[in-house]
Amino acid sequence: MTKSTLVLLIMLLSLFNHSIAKAQSWQAASHYFQSELSELGVVGGSAMFIADGKVTDSLYFGLADKEKGYMINERTLFHWASITKTFTGIAIMQLRDRKKLKLSDPIIQYLPEIAKLHNPYDNTADITIEHLLTHSAGLRMSSFPFKTQSWQPHEPTEFSQLVAMMPYSEIKFNPGSQYSYSNLGINFLGEIIKRITGDSIESYIDKNIFKPLEMHHAYFNATPYHLREYRSNNYAFENGEFIAGGPEFNTGVTSANGGINASIIDMAKYVLFLIGDQSNPTYERILKRASLLEMWQPKLNTGVNKSRHIGLTFFIRQHFNQTYIGHTGSQKNFYSSMFINPEAKTGHLFVYNTSKLIPDATGRAKATTMPIYKEMQMKLFELMKK
């Protein structure tokens, strides 16, 4: 056996052992995720690992609908909540690249109604599109803080309702001076997109992101008739039992903030786009790679710790001496996570359809699934390392 042949065999054996280790790590993570959530009574969920330009591993467990007995599978349609914000951010960057706007533009240029906001700093005209993208405009978190009754809509249904709340809405700090997560600010971006293009945020994202990526099972709000059998219900733990929240709900004027429903397979197409592939010209036509990389530059510390930052709608996290880019989601009893490692070209998705809240020592609601959620993220981050 020649020396070069021996070296090649050693390299192949190393790759083989590495592949086995990765497979075992995925099996351990997916087993942990399913068993721990099932132990808490979570009705159903899914997880996926992306590497080498494809989905390499997936998990489907439990039920999409307890009453109908529908099992979770690759076609199940979940609500992805705030992961939607990254789509809205990409939409803004598309318009920026097409010279339709500048990130430095004052939003009052597009939304003169914001002059009605109560601003003790007297600099409302200085709030820019970039401030909205980085959650640094000083706006409150909730789009609908005045909801007090169950019969009231899940979210405001018209932008005029957001405008009506503006005189009672306060700018909490000097715009640009710090980070404070704001659903309201992202919904302002959705309205800006509508006023520039003439398309609602739902229509714009469908035309300019869903369709080019062939995300045929991704949509906003009401499920298309031909897909209804795949729609996951959602469940909340109340008075000792799980109560169905109903598969359909309207995110109204807040679609830009958290309106996307999709199968995990379709969301994997989005993750592959974020990871990138120079041989796929469609990705560059959707958004230039340089613009995506710009979105992933840290702008502000999120206040959690020094290893976590916000870029332009994307969060940047540091673990294992690696950088992870992505977003999480939580709405209407759905919980989701989406992150990529740009250097290793790996990514993950996971989602489940049940909320189990119990009061903590202070009386505030605490999600008992969150320790599992966070641990699953860390297991997947380790698996995503280069």
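Two strands are taken to pair if DSSP finds at least two bridges between them. Helices (H or I, at least four residues) and strands (E, at least two) are DSSP runs, numbered from the N terminus. The model is predicted: local features need pLDDT of at least 70, side-chain atom pairs count only at pLDDT 80 or more, and totals for chains, interfaces and linings use all residues. Residues are numbered from 1 along each chain as its sequence is written, and side-chain values use heavy atoms, with hydrogens and water left out.

Strand 10 and strand 11 run antiparallel and are joined by three bridges. R308 has R317 in strand 11 as its bridge partner. The two strands form a hairpin with four residues between them. In that turn, T313 has a positive phi of about 70°. Strand 11 also runs antiparallel to strand 12, through five bridges. Here Q318 faces T323 of strand 12. Strand 11 and strand 12 form a hairpin too, with two residues between them. F320, in the turn, has a positive phi of about 55°. Four of the five residues of strand 11 are buried (under 20% relative accessible area, with exposed over 50% and partly exposed in between; 1.4 Å probe, protein chains only). Strand 11 is therefore largely enclosed by the rest of the structure.

An open sheet of three strands has the order 4-8-5, and its pairing is antiparallel. Strand 4 (77-79) and strand 5 (218-220) stand at the edges; each has a single partner strand, so one side of each lacks a neighbour in the sheet. Three bridges link strand 4 to strand 8 (residues 260-263). H79 stands opposite N261 in strand 8. Helix 6 (residues 201-210) lies across strand 5 and strand 8, at about 165° to strand 5.

Another open sheet of three strands has the order 7-6-15, with mixed pairing. Its edge strands, strand 7 (241-244) and strand 15 (354-355), each pair on one side only. Strand 6 (residues 235-238) and strand 7 run antiparallel and share four bridges. F237 stands opposite F242 in strand 7.

Rolling a probe the size of a water molecule over the atoms shows where empty space is left. A pocket is defined on a 1 Å grid over the protein atoms alone, as an open set of points where a 1.4 Å probe fits, with protein on both sides within 12 Å along at least five of seven lines; lining residues have an atom within 4 Å of a point. The largest pocket holds about 1,300 Å³ of space. Its lining has 41 residues, and M141, G329, S330, Q331 and Y335 lie nearest the centre. Elements that each supply at least two lining residues include strand 6, strand 7, strand 10, strand 11 and strand 12. Helix 7 (255-258) and helix 11 (370-383) are also among them.

Y283 lies in helix 9 (residues 281-286). At 14% relative accessibility, Y283 counts as buried. P212 is 71 residues from Y283 in sequence, yet the C-alpha atoms are 8.4 Å apart. Beyond neighbours within four places in sequence, Y283 is in contact (heavy atoms within 4.5 Å) with L213, K269, L272, F273, G276 and D277.

Key
Axes fitted to C-alpha atoms, helices over the stretch in contact; angles between N-to-C directions. Points joined across faces, edges and corners; volume = space filled by probe spheres on them.
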